[in-house]
Amino acid sequence: QLSTSPALEILIPAGLKTSRRKMGKKKPSTSQPAAPAKKEEDSINVPDDDDAEDQEETEVLELIQVDTGDVVKVKQVLDEATVLAIHDAGIAEDHRWGNIKLAVMTVACLFAMVAQFAPVPFPESRPLLACCCCAYFLMSGVLQILISYVDADAIMVTLPPEGKESGLRIRTNQGRYDEHYVMAIEFDGMKDSPSVTQTWSVGKFFDENGFFDEYSYMEEVETVLQRFLNKKYDTPKDKKAKME
């Protein structure tokens, strides 16, 4: 099985502070040496305020590690980072179709529970079991249609950003045994919508040990998003060149 645990923890200094101890001036010797010695001992036991600021502040950074030979897992990690980058940009996700799919799955589960726990003995329960089974497979078919034709290759649909009339549809694709990951942004529900497409090699964000540079990738996604919001859409010439 493939390991996907955040196995690496790096201690990063958040600030290095230096302290300068204040040295007291040496007093001239007097006829009573015992009293100054006691005061000097007391001053050593009192902690200096600067010493409390000497402690090094650290931050724990967890890196995701995956097997880069598993294209499905690599795409899953990149998709999750893409959604996180869109959220960080201040664009809210539209959960409407997600809620509809949850409702369909809930209804299917209810039919399965009725078929399993209905207090009807077996020979008399055949019509009930048949109805529940048909309803369960019907709901499963509806769910598959939503996934195949409504979601398609979209990983996220957003609410309309500020100044826009339509929400955004974020689509991603990565072919089997392909090192290139493709992300496209377009308007949701708009026919012949303008779009912005970007292709990356996964080797740009994964090292030889499979550790994922999530922050660098999220910066790239935010750059593509700003291109779209600033109406710097791909031209037909650009789309043709990317298809080739």
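This is a predicted model: local features need pLDDT of at least 70, side-chain atom pairs count only at pLDDT 80 or more; totals for chains, interfaces and linings use all residues.
Reader: Okay. How many aromatic pairs turn up in the whole structure?
Author: Nine, from a search of the whole structure. One of them is Trp 200 with Phe 205: the ring centres are 6.2 Å apart and the planes sit at 80°, so that pair is edge-to-face. Phe 206 and Phe 212 pair up as well, with centres 4.8 Å apart and planes at 20°, so theirs is a stacked pair.

Reader: And Trp 200 and Phe 205, buried or exposed?
Author: Both Trp 200 and Phe 205 are buried.

Reader: Which residues make up the aromatic cluster there?
Author: Tyr 181, Trp 200, Phe 205, Phe 206, Phe 212 and Tyr 217 form one cluster. Tyr 217 is also among the buried residues of helix 6, and Tyr 181 is touched by Asp 79.

Reader: Tell me about that Asp. Where is Asp 79?
Author: Asp 79 is in helix 3, which covers residues 71-88. Its relative accessibility is 12%, so Asp 79 counts as buried. Leaving out residues up to four places away in sequence, Asp 79 touches Ile 155 and Thr 172 as well as Tyr 181.

Reader: Back to helix 6, then. Which of its residues are buried?
Author: Tyr 217, Met 218, Val 221, Val 224, Leu 225 and Phe 228. They span an arc of only 120° around the axis, so they are on the same side of helix 6.

Reader: What do those buried residues pack against?
Author: Helix 3, plus strand 4 (168-173), strand 5 (180-187) and strand 6 (195-201). On the face turned away from the buried side, helix 6 carries the exposed residues Tyr 215 and Glu 219.

Reader: How far does helix 6 reach from end to end?
Author: From first C-alpha to last, 22 Å for 16 residues (214-229), close to the 22 Å expected at 1.5 Å a residue. After helix 6 comes Lys 231, with a positive phi near 65°.

Reader: What about helix 4, which residues are buried there?
Author: In helix 4 the buried ones are Lys 101, Val 104 and Ala 108. Their arc around the axis is only 60°, which puts them on the same side of helix 4. They pack against helix 5 (126-151). Helix 4 itself (residues 96-117) has 22 residues and reaches 32 Å, close to the 32 Å expected at 1.5 Å a residue.

Reader: How about confidence, what is the mean pLDDT?
Author: It's 78 for the chain, and 72% of the residues reach 70 or more. Residues 1-35 are below 50, and that stretch has 48 contacts in the model beyond near neighbours in sequence. Residues 37-44 also stay under 50, and there the model has zero contacts beyond four places in sequence.

Reader: Last bit, the overall layout. How many helices and strands are there?
Author: Seven helices and six strands. From the N terminus on, the order is β-α-α-β-α-α-α-β-β-β-β-α-α. Of the 244 residues, 27% are buried. Among contacts with a separation of 6 or more, 63% join residues 24 or more positions apart.

Definitions and conventions
Residues are numbered from 1 along each chain as its sequence is written. Side-chain values use heavy atoms; hydrogens and water are left out. Rings of Phe, Tyr and Trp (its six-membered ring) pair if their centres lie within 6.5 Å; planes under 30 degrees apart count as stacked, over 60 as edge-to-face and the rest as tilted. Buried means under 20% relative accessible area, exposed over 50%, partly exposed in between (1.4 Å probe, protein chains only). Helices (H or I, at least four residues) and strands (E, at least two) are DSSP runs, numbered from the N terminus. Contact means heavy atoms within 4.5 Å. The expected span of a helix is 1.5 Å times one less than its number of residues. The arc is that of the directions from the helix axis to the C-beta atoms. pLDDT is the predictor's confidence in each residue, from 0 to 100.
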